[in-house]
Amino acid sequence: MPKLKIVGGRRLSGEIVVDGAKNSAVALIPASILCDETVEINNVPDISDIDALEEILDYLGVKVERGKHSIVFNDTKIDNKFIPCSMSGKLRASYYFMGAILGKYKHVDMCFPGGCSIGERPINLHLKGFEKLGAVVREDDGRVIIDADELVGAEIFLDFPSVGATINIILAAVKARGKTVIDNAAKEPHVIDVCNFLNSMGACISGIGTGRIEIIGVDHLHATKHNVVPDMIEAGTYVIIASLLGKNLKVSNLDPLHIESLTSKLEEAGVNLEIGDDYISVADVGEYKGIDIKTMVYPGFPTDLQQPMTPFLVSCEGISHIEETIWENRFQNVADTIKMGASIEVSSDNKVATIYGSSKLVGKEVSATDLRGGASMVICGLIAEGETIIDNISYILRGYDDIVGKLNRVGADIKIVD
Ligand code: EPU
């Protein structure tokens, strides 16, 4: 199995260009099925989660033209058959086929989604939303069968502003009869991107980016061409790296507003960031002091940046805390970070990590336990003294486009080895 080998301690200079957002692209691709004409999506990240979606499309008989960073649907008709666990289980975002297929064909038969094991990851809010629109949901040994004679707009309150449930209900509602209102909706940039994409095909969605989204159903969705929004988590990951190792390192093609929750915390710790319209750069690194972060839904501090933030806090003087409020199992990176020399305690309820800094890390053999945990180990390797070997790198490659090339080009010593 391939591994990542990193020789740490190199200062990084130059520019890292952020790609399109994974968590938007993985929704836009299933959403394209709803269109009645051709769809072209550009700025698609070249990651294995997109390969897994393409495999499902291929199985359903949808032939797409895939470029390195683009995907074109010339025909969106599917052979609406059962999607097996071997395909849906490869990624979390396979759940978006539920909303899209239900919205277009009123019948879905597929296995539950997979994804990183970072917590329980139920989809009850998605299914409750479909039921509110008039669908009947049956679950049978890991299989979900959803049927509707007709989908009719409804008032839906989400107990939690779930990204997946918000998008999935929108997908099911864009062609439903009448008006759907989603209250306590998610506001993440990728949710906004999916709404803008659907509106560009003629959908009628308003309240985009607010906690109350209104959708008036339409009969037809026409051709569109769309650029995926920049990946705020990829951007944030590289801004953290720049804060630790940058020497005139610029992270570009990002929207600084999307990661204000991160940059305000880095600045509180003492990082000197230059924040432009579409870039963030670090001229030089300094001495940083410990800070506390608490993960929240957007625009709060994203759970997906909590693990990449850990090596930064390990490098800060004094005590830092990370409180994780979204996922139950998101400190899996801590054990290997400790193995490399960090001093971290995780509370018995697995909700708070206390980090005693600053510690110097030393290269070791470690493992990516999940996507963002893997990114965290990459950062540990970059700042550590000596050689770090990271196993299970398929987790990292499912979400970071060309991470090895991007880091090498700015001076890191990182490569994939067998
Ligand atoms: N939740 C429920 N019921 C549901 C849905 C969610 O209880 O029906 C709970 C979850 O258990 C969790 C919270 O609500 O405690 C948040 O879940 P959400 O639905 O917002 O997450 P998701 O849609 O499954 C997406 C991203 C995750 C990211 C979260 C939070 C995708 C494919 N995944 O997951 O991304 O952590 O939103 O921002 O968009 C990652 O990229 O590494 C990743 C895990």
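**Strands, an enclosed helix and a ligand site**

Strand 18 (residues 318-323) and strand 20 (residues 352-357) run antiparallel and are joined by six bridges. Helices (H or I, at least four residues) and strands (E, at least two) are DSSP runs, numbered from the N terminus, and two strands pair if DSSP finds at least two bridges between them. This is a predicted model, in which local features need pLDDT of at least 70 and side-chain atom pairs count only at pLDDT 80 or more, while totals for chains, interfaces and linings use all residues. Residues are numbered from 1 along each chain as its sequence is written, and side-chain values use heavy atoms, with hydrogens and water left out.

Gly-318 has Gly-357 of strand 20 as its bridge partner. Strand 20 also runs antiparallel to strand 19 (residues 343-346), with four bridges joining the two; here Ser-343 stands opposite Tyr-356. Strands 19 and 20 form a hairpin with five residues between them, and Asn-350 in the turn has a positive phi of about 65 degrees.

Helix 10 (residues 306-314) is largely enclosed by the rest of the structure, because nine of its nine residues are buried (under 20% relative accessible area, 1.4 Å probe, protein chains only). Among them are Met-309, Phe-312 and Leu-313.

The ligand is surrounded by 22 residues (each with a heavy atom within 4 Å of the ligand); Tyr-95, Asn-124, Ser-162, Asp-304 and Ile-326 are the closest. A backbone N or O atom of Leu-125 lies 2.8 Å from a ligand oxygen atom, and an N or O atom in the side chain of Trp-327 is 3.0 Å from an oxygen atom of the ligand. Helix 5 gives the most to the shell around the ligand, with three residues.

Terms used: Buried < 20%, exposed > 50% of the residue type's maximum accessible area, 1.4 Å probe, protein only. Polar contact = N/O pair within 3.5 Å; in protein donor to acceptor, adjacent residues only side chain to side chain.
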